[in-house]
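Have the sequence and the 3D view open as you read.

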Amino acid sequence: MSDFTPKPEHKFTFGLWTVGSTGRDPFGGPVRSPKSPAELVYLLGEVGAYGVNFHDNDLIPIDATPAEAAAIKKDFRKALADMGLVVPMATTNLFGDPIFKDGAFTSNDPKVRSYALQKTMRSIDLGVEFGAKIYVFWGGREGTETDSSKNAALAIRRNREAMDFLCEYVLDQGYDLKLALEAKPNEPRGDIYNPTTGHMLAFISTLAHPEMVGVNPEVAHEHMAGINFMHGVAQAWESGKLFHIDLNDQYPGRYDQDLRFGSRDIKAAFYLVKFLEDVHYDGSRHFDAHAYRTEDYEGVKDFARGCMRTYLILKEKAAQFNQDAEIQALLAEINADDGSMAPFAGKYTPQKAAALKEQAFDRQAISARGLRYERLDQLTIDLLLGAR
Ligand code: DIG
Ligand code: MN
Ligand code: MN
């Protein structure tokens with residue numbers, strides 16, 4: 001059995017808000033006492049994380065005085081140095097303060113939209129100060145309960161104006177920063193604009209600086225929308241837009257559970273890990289999740305260790321899949337190519353089109369072939385259950 005000990009090269013990261021979650025939920029208050037950012041860094045270092053991410057207000061409370069902010073940053077920086085952790089990603093809390101009750105960039109109130117830009121610029125400065133190279137935007141309040149309140153196209157335009165402004169700010173400051181947009185279909189708003197990663201990819205293409213902007217897909221959010229998460233990740237990767245990823249787990253048809261990675265849908269988690277490792281994704285493996293409300297901080301450490309351990313177990317299973325002689329023989333058989341269609345492959349030419357229009361196809365013979373996917377999938381199940 002391999003050693004599933006997390007190492008820096010695995011690039012496992014957690015947000016301060018994940019292991020720092022006090023267990024509050026819509027139906028109950030905190031069950032754990034809050035820890036300081038520095039204390040959370042020591043906790044993450046103890047369990048073997050590579051890095052830590054933060055919203056501006058996870059690190060610096062929204063009403064902190066400059067002296068309080070300086071003290072917090074000093075302790076945080078010392079903890080990072082003591083534990084050898086880095087800060088690969090930062091983001092802005094544009095959803096907690098009541099001012100954002102009707103959104104931030106898409107709010108109907110121009111004062112709110114302007115304040116959101118100010119808060120985000122200051123937060124970008126803070127993230128860059130600690131070395132962040134990826135900046136995430138999750139528009140948790142950019143949505144509606146009633147579509148009587150605003151024109152949806154206007155809301156999208158407001159989102160674009162904000163992103164174009166902030167891309168210019170990053171360029172103006174000379175920051176080495178890539179921006180990653182995170183989708184979610186609903187919660188806390190009744191409906192959220194740009195609800196899936198696919199919508200975000202389309203939105204990015206309309207921006208003034210699309211080359212600076214990618215996506216940060218989250219497992220739970222795409223599962224909430226009933227979408228195959230790995231397919232969305234593959235589409236983002238294939239278009240060069242997978243700048244970051246939020247790993248967790250989710251029961252379909254439920255609120256955003258942000259469960260420990262791999263704790264619900266092991267098969268989906270396997271295919272995701274297999275994809276990321278097969279394409280040699282070199283970004284953070286960020287766990288945007290939190291421990292059950294039942295847990296104390298020892299349980300929070302169990303949660304963090306479990307996220308990383310399951311990822312490493314599935315990484316080994318993916319390698320086993322790629323080395324399994326029977327699975328690979330089946331895949332070779334399934335993907336066999338007799339070369340007869342080679343004349344039609346590749347770019348269009350009038351000659352190819354003419355020849356292809358004349359080509360005879362024996363539909364019955366072609367369709368009669370059994371594809372052995374049942375055997376292939378059972379071998380996958382055997383592998384995941386440790387039966388091979
Ligand atoms: C929720 O899934 C969001 C917030 O936690 C944060 O803004 C972002 C960072 O990964 N994910
Ligand atoms: Mn989530
Ligand atoms: Mn997330």
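The lining of the second largest pocket has eight nonpolar, four polar and four charged residues. Here Ala, Val, Leu, Ile, Met, Phe, Trp, Tyr, Cys and Pro count as nonpolar, Asp, Glu, Lys and Arg as charged, and the others, Gly among them, as polar. H5 gives the largest share of that lining, six residues.

Keep in mind that this is a predicted model, where local features need pLDDT of at least 70, side-chain atom pairs count only at pLDDT 80 or more, and totals for chains, interfaces and linings use all residues. Residues are numbered from 1 along each chain, ligands are numbered from 1 in the order written, and side-chain values use heavy atoms, without hydrogens or water.

| Pocket | Volume | Lining |
|---|---|---|
| Largest | about 1600 Å³ | 46 residues |

A pocket is an open set of points on a 1 Å grid over the protein atoms alone where a 1.4 Å probe fits, with protein on both sides within 12 Å along at least five of seven lines; lining residues have an atom within 4 Å of a point. A volume is the space filled by probe spheres set on the points, which are joined across faces, edges and corners.

Asp258 is among the residues nearest the centre of the largest pocket. Asp258 is buried, at 12% relative accessible area (buried means under 20%, with a 1.4 Å probe and protein chains only).

How values were computed. Buried < 20%, exposed > 50% of the residue type's maximum accessible area, 1.4 Å probe, protein only. Helix = DSSP H or I, 4+ residues; strand = E, 2+ residues; numbered from the N terminus.
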